[in-house]
Amino acid sequence: MTTPDRDGLLAEQLLRLTRRVHRIQKRHLERHDLGITPAQSRLLRTLAHYASPPRMADLAERLEVVPRAVTTLVDGLEASGKVRRAPDPANRRVTRIELTDEGRTTLRELRGARRSAAEEILAPLTEKERQVLGVLLDTLVEGDGGTRC
């Protein structure tokens, strides 16, 4: 008799949960009629974390994507008025990406959509289970490779 592949099962569960999260988030984005894709929403959220407008290369590095992917995302967000390209005051060859007022408004709406999606996903869990899940997810995200007994 073979033993079940517990790690394989956990990996599959994590992948299924990730797909479910993406589907629910996409549905909530569509419900809020923000006119942006999940990838564009991720770029907006990332952009908001910078103290000053970043370069495209900075965004590509933070998002862990190729620079061309950032260019495509910025093109779409710029066309919809959510970001703008601005010259770097210290180096004319560098372009910075700035949130516009419309982009900040969209970001606030995105946070609401993400909260709604999280509430839907976490609804079956008790408060205690949510706390435990939070600790477990922090451990996985941080990659704590330490040994445990």
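Me: Before we start, what does contact mean here?
Reply: Two residues are in contact when they have heavy atoms within 4.5 Å. Keep in mind that this is a predicted model. So the cut-off to remember for contact is 4.5 Å.

Me: Which residues of helix 3 meet helix 4?
Reply: Helix 3 covers residues 56-63 and helix 4 covers residues 67-79. On the helix 4 side, the partners are Pro67, Val70, Thr71 and Val74. They meet these residues of helix 3: Met56, Leu59, Ala60 and Leu63.

Me: How many of the residues in that contact of helix 3 with helix 4 are nonpolar?
Reply: The contact has no charged residues and one polar one. The nonpolar count is seven.

Me: Are helix 3 and helix 4 roughly parallel or roughly perpendicular?
Reply: Two packed helices are described by the angle between their axes and the distance between the axes. For helix 3 and helix 4, the angle is about 110 degrees and the axes are 9 Å apart. Angles of 65 to 115 degrees get one label, so helix 3 against helix 4 is roughly perpendicular.

Me: Which helices do the buried residues of helix 1 pack against?
Reply: Helix 1 runs over residues 6-31, and its buried residues are Ile24, Gln25, His28 and Leu29. These buried residues pack against helix 2 (38-47) and helix 5 (101-122).

Me: And Leu17, is that one buried or partly exposed?
Reply: Leu17 is also found in helix 1. Buried would need under 20% relative accessible area, and exposed over 50%. Leu17 has 39% relative accessibility, so Leu17 counts as partly exposed.

Definitions and conventions. Residues numbered from 1 in each chain as written. Predicted model: local features only at pLDDT ≥ 70, side-chain atom pairs only at ≥ 80, totals over all residues. Heavy atoms only, no water. Axes fitted to C-alpha atoms, helices over the stretch in contact; angles between N-to-C directions. Helix = DSSP H or I, 4+ residues; strand = E, 2+ residues; numbered from the N terminus. Parallel < 35°, antiparallel > 145°, perpendicular 65-115°, else oblique. Nonpolar A, V, L, I, M, F, W, Y, C, P; charged D, E, K, R; others polar. Expected span 1.5 Å × (residues − 1). Buried < 20%, exposed > 50% of the residue type's maximum accessible area, 1.4 Å probe, protein only.
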